[in-house]
Amino acid sequence: MIDIVDKFKVTDTTKAIEISREEIGQYIGTATESLNRTISDFKAEGLIDISKGKIVPINMDKVRNLRY
């Protein structure tokens, strides 16, 4: 997620990322189903929001500090 936010130069936390979940899955090399679970977890933790099916980053500083 961080690479995508950086690639799209998202600095406004109200701006949605203009990329599909399928494209994100291909970019990071994972199945869409796995990505959807991670997106759901991020949303539940308040790290992102979903607006009209698009991802809106809310707290990328916290995402950057997550342990893998």
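Is Glu18 buried or exposed? Glu18 is exposed, with a relative accessible area of 52%. Keep in mind that this is a predicted model. The protein chain has 68 residues, and 28% of them are buried.

**Overall layout**

- You'll find four helices and two strands in the protein chain.
- Going along the sequence, the order is α-α-α-β-β-α.
- If you look at contacts with a separation of 6 or more, 39% of them join residues 24 or more positions apart.
- The protein chain shows about 4800 Å² of accessible surface, and carbon and sulfur atoms hold 46% of that.

**The nonpolar core**

- In soluble globular proteins, nonpolar side chains tend to be buried together.
- Here, the largest nonpolar core takes in 14 residues.
- Ile17, Ile24, Ile48, Ile55 and Val63 are the residues with the most contacts inside this core.
- Helix H1 (2-7), helix H3 (32-44) and helix H4 (60-64) are the elements that each give two or more residues to the core.
- Leaving out residues up to four places away in sequence, Ile24 touches Ile4, Ile19, Leu35 and Ile55.

- Strand E1 covers residues 48-51 and strand E2 covers residues 54-57.
- E1 and E2 pair in the antiparallel sense, with four bridges between them.
- The hairpin has two residues between the strands.
- Lys52 lies in that loop between E1 and E2, and its phi is positive, at about 55°, although Lys52 is not a glycine.
- Lys52 is exposed, with a relative accessible area of 83%.

**The salt bridge**

- The count of salt bridges comes to one.
- That one joins Glu18 and Lys54, whose closest N and O atoms are 3.2 Å apart.
- Glu18 sits in the loop between H1 and helix H2 (21-28) while Lys54 belongs to strand E2, so the pair ties together parts that are 36 residues apart in sequence.
- As for cover, the Glu18 end is exposed at 52% relative accessible area, whereas Lys54 counts as partly exposed at 33%.

**Ala16, in the loop between H1 and H2**

- Ala16 lies in the loop between H1 and H2, which is also where you find Glu18.
- Which residues does Ala16 touch, not counting those up to four places away in sequence? They are Lys54, Ile55 and Val56.
- Ala16 counts as buried because its relative accessible area is 19%, and the cut-off for buried is under 20%.
- Ala16 and Pro57 are 41 residues apart in sequence, yet their C-alpha atoms are 7.2 Å apart in space.
- Ala16 and Lys52 are 36 residues apart in sequence, with 9.2 Å from C-alpha to C-alpha.
- Between these two, Ala16 is buried and Lys52 is exposed.

Methods:
Residues are numbered from 1 along each chain as its sequence is written. This is a predicted model: local features need pLDDT of at least 70, side-chain atom pairs count only at pLDDT 80 or more; totals for chains, interfaces and linings use all residues. Side-chain values use heavy atoms; hydrogens and water are left out. Buried means under 20% relative accessible area, exposed over 50%, partly exposed in between (1.4 Å probe, protein chains only). Contact means heavy atoms within 4.5 Å. Accessible areas come from the Shrake-Rupley method with a 1.4 Å probe; for residues, only the protein chains shown count as cover. A nonpolar core is a set of buried Ala, Val, Leu, Ile, Met, Phe, Trp, Tyr and Cys residues joined through side-chain atoms within 4.5 Å. Two strands pair if DSSP finds at least two bridges between them. A salt bridge is a side-chain nitrogen of Lys or Arg within 4 Å of a carboxyl oxygen of Asp or Glu.
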